[in-house]
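Here's a quick tour for anyone meeting this structure for the first time.

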Amino acid sequence: MRVLICGGGVIGTSIAYFLGQRGIEPMVIERTGIASAASGKSGGFLALDWCDGSPAEPLARRSFALHAELAETIDDEWGYRRLDTLGVVASARRDVRSFRRLDGPGWLAQDAAVHRRLGTSETTAQVNPADFTGAMMRAAIGVGARLLLGTVTGLVSGEGGAVRGAVVDGQEVAGDAVVIAMGPWSVLASRWLPLPAIYGLKGHSVVFRYTPEPVPHALFVELETATGDFASPEVYPRPDGTTYVCGLSSEAPLPVDPAAVTPDEGGAARLRAMTAQVAPALGDAEVLAEQACYRPVVEDGLPLIGAVPGMDGAYVATAHSVWGMLNAPATGEAVAELIADGASSRVDLAPFDPARLTPLAADAVRTEV
């Protein structure tokens with residue numbers, strides 16, 4: 001059995017790995033490159049229980065456990081480690097030291113206050129997202145997957161209208177099933193499949209050459225700027241000697257070509273200024289990357305994972321929002337079980353059924369830049 005997976009991000013590569021583990025031949029079809037979008041530019045933050053109380057709780061808890069298992073069983077390196085996570089307040093207009101409840105890292109600004117512990121090494125962790133996605137693709141190839149670089153421009157119909165392949169750069173590629181896992185660009189598949197509207201939310205990030213001492217923490221900051229604006233930057237030191245900072249969003253429209261994604265003008269400078277207010281040495285460090293990406297979401301905020309209604313052989317896995325890196329392993333495992341066995345045994349996919357939302361009209365999808 002061959003399954004075509006449209007999208008070489010962390011969701012697509014994870015599906016390929018778990019399909020290969022079951023003896024199914026996966027083919028990942030990718031337009032731009034592995035981890036070229038959000039899977040290469042996200043924070044890589046993992047949390048055991050931050051989805052608790054929502055329908056995504058079982059998915060997140062299973063995936064957090066799988067991240068630890070994969071780090072032990074796959075012979076590759078992607079910066080996986082457990083870490084403590086702190087809530088920080090900082091203000092350019094008020095003295096926030098009265099909010100201090102815990103001692104904070106020495107590299108924070110003197111007037112930044114650590115007010116609570118959000119997670120410990122038992123409940124929060126991190127990966128380098130590009131490295132993890134690349135490692136999952138390599139591991140998938142090790143169990144029989146193939147990578148095809150090209151743009152999916154249509155689907156191939158078999159007997160009774162079942163999906164039995166994809167058109168890639170004008171050429172038909174046969175498959176027994178097709179999985180749409182293209183992040184926010186999965187909306188393009190609405191031209192061929194009854195999928196709901198899928199949106200992209202733009203976020204900016206900066207990567208610094210900076211290693212905090214003595215112990216790194218993930219930081220979630222509540223920041224008041226000198227102009228009275230409020231922001232929520234997130235700070236993730238990594239084992240490779242870099243520190244990643246994100247937390248600036250915009251409503252810029254999603255370009256049709258993923259390669260056309262660029263930071264908004266002035267976005268990186270604003271993020272650097274916010275960083276300097278929270279951690280001066282970090283804000284003054286060398287900048288290695290100024291980047292932007294789009295997180296996929298749908299109307300109700302839950303992922304789309306499951307069989308496409310009324311289309312035999314078609315599946316979708318996207319709209320994980322900020323939790324794509326966290327939930328990729330459990331999504332890959334569940335989709336592999338769904339295709340191979342007809343159902344997922346570890347996670348109930350009913351809350352993520354694409355049929356719960358109204359399909360987008362095919363002529364509503366923009367196909368030109």
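**A first look around**

Start with Asp169, which sits in the loop between β10 (163–168) and β11 (171–174). Helices (H or I, at least four residues) and strands (E, at least two) are DSSP runs, numbered from the N terminus. This is a predicted model, where local features need pLDDT of at least 70, side-chain atom pairs count only at pLDDT 80 or more, and totals for chains, interfaces and linings use all residues. Residues are numbered from 1 along each chain as its sequence is written, and side-chain values use heavy atoms, with hydrogens and water left out.

**Positive phi in loops**
- Most residues other than glycine have a negative phi.
- Asp169 has a positive phi, near 50°, though it isn't a glycine.
- Ser321 also isn't a glycine, and its phi is positive too, near 55°.
- You'll find Ser321 in the loop between β20 (314–318) and α7 (324–341).

**Helix α1**
- Helix α1 (residues 10–21) has 12 residues and reaches 17 Å from its first C-alpha to its last, close to the 16 Å expected at 1.5 Å a residue (that is, 1.5 Å times one less than its number of residues).
- In α1, 11 of the 12 residues are buried (under 20% relative accessible area, with a 1.4 Å probe and protein chains only), including Tyr17 and Phe18.
- After α1 comes Gly23, with a positive phi near 80°.

**Arg62**
- Arg62 belongs to helix α3 (residues 57–73).
- Arg62 counts as buried because its relative accessibility is 15%.
- Leaving out residues up to four places away in sequence, Arg62 touches Glu69, Ala330, Glu333, Arg346 and Val347 (contact means heavy atoms within 4.5 Å).

Conventions:
Buried means under 20% relative accessible area, exposed over 50%, partly exposed in between (1.4 Å probe, protein chains only).
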